Amino acid sequence: MTPTDPTDGELDQALGRRPRAAAPAELRRRMEALVADARPARSRRLGRWLAPLGSACAAGLLVWLVIRPPVEPRGARVDMVEEAVNDHLRVVESTHPVEIESGGIHQVKPWFTGRLDFAPRVEFSGDADFPLVGGSVGYFHDRKAAVFHFRHRLHTITLLVFPADRLPWPSRGLHPLGPLAVDEQRSRGFNVLIWREGELGYALVSDVNLADLEQLAPRLNHP
Amino acid sequence: MPDRGRLAREALAHLDALYDHGRYLTRNAADAEDLVQETYARVLGAAATFAGGNLKAWLFRIQRNAFIDQRRRTRPMAPSFDPATLDTLEGAPAPAGPDELAQLRRMTGVEIEAALFSLSDEARAIVLLDLEGFTETEVADILGCALGTVKSRLSRARAALREKLKDHGR
């Protein structure tokens, strides 16, 4: 509705600054699956007739999949970035983001014992530039994640540590960062660094400059 | 009769808006996810009843009804989601003075979100529906009230929000 006086205009501008959240990637996948099941009955009837032809095509596709050169799963890679950003937004928007306040990494890490089915490997205790605020338990896709909360000036930096298996890790276009090979992406105004070290995956997300995140990432396990 | 699959696919284009609105309605990301899922399930069930027009407004009406039902299930003793619970302020609000205007300009997104969350459910809903760009007719249809009452309710809700923002800005 059109503002009629300056107060309404200012109020509308202020309301325009309210935080907005996109649907989490997992919810989007569920809704897409729900919608996919809603195709009309006629299509399903046709599907029965086309099934034998489909089987033949599927067999051909299987052969092609075996002999084709490897291709990066682009959509899945984007999903990982979107999931990391959504997790970061959940931290930023949460009223009580920190479940264990930091007295240093040796206080935060043991807190995860019994809450996760893996031991998150993070050695960096935080410093004046990147103080460690605390930790919490979150989710990355279908698995639990250790969430470490760092600060840089007034910005929040979220580090997610999670089991790396069964995720579409990219092998090309990675950026060397000290001992790490990092996938650097930008989504919805946030910088996202994702990498794998052994059995664990790491995602570092924030609205700080990419250079600041690049400074922090290699120090997390190699301070 | 509308194609159920096509309607559902078109409805997916509004997923982010429904989730964001749901988050403000429920004040909770997990409940918002449940609400959106319930909304889409109802959309599929009611596709045959969609008579054309603004699909987004139709989706928001279904979401509102799902929210009311969800609240009745989880908080049966809570007051009903009724326009009568709208924050009451008598008369038209006075225009803001320079201090209030300056305060509005300084407000951060987090403060605005907190002020929205402190409104009653009904006041928050009508302010947000207005922000989504719905016409008064569409808002009336979504909220299930007469067209004539939308303007006064919106005005009262925005006045209540200004009061809350003053509190949050202190």
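**View 1. Chain A as a whole, with its burial and its order of elements.** Of the 223 residues in chain A, 29% are buried, a residue being called buried if 20 or more other C-beta atoms, placed from the backbone, lie within 10 Å of its own. This is a predicted model, in which local features need pLDDT of at least 70, side-chain atom pairs count only at pLDDT 80 or more, and totals for chains, interfaces and linings use all residues. Residues are numbered from 1 along each chain as its sequence is written, while chains are lettered from A and ligands numbered from 1 in the order in which they are written. Chain A holds six helices and eight strands, where helices (H or I, at least four residues) and strands (E, at least two) are DSSP runs numbered from the N terminus.

**View 2. The hairpin of strand 2 and strand 3 of chain A.** Strand 2 (residues 132-140) and strand 3 (residues 143-152) of chain A run antiparallel and are joined by eight bridges; two strands pair if DSSP finds at least two bridges between them. Leu132(A) stands opposite Phe150(A) of strand 3, and His141(A) takes a positive phi near 55 degrees in this hairpin, which has two residues between the strands.

**View 3. The hairpin of strand 3 and strand 4 of chain A.** Strand 3 also pairs with strand 4 (residues 155-163) of chain A, in the antiparallel sense and over seven bridges. His152(A) stands opposite His155(A) in strand 4, and Arg153(A), in the turn of this hairpin with two residues between its strands, has a positive phi of about 55 degrees.

Notes. A residue is buried if 20 or more other C-beta atoms lie within 10 Å of its own, exposed if 12 or fewer, and partly exposed in between; C-beta atoms are placed from the backbone.
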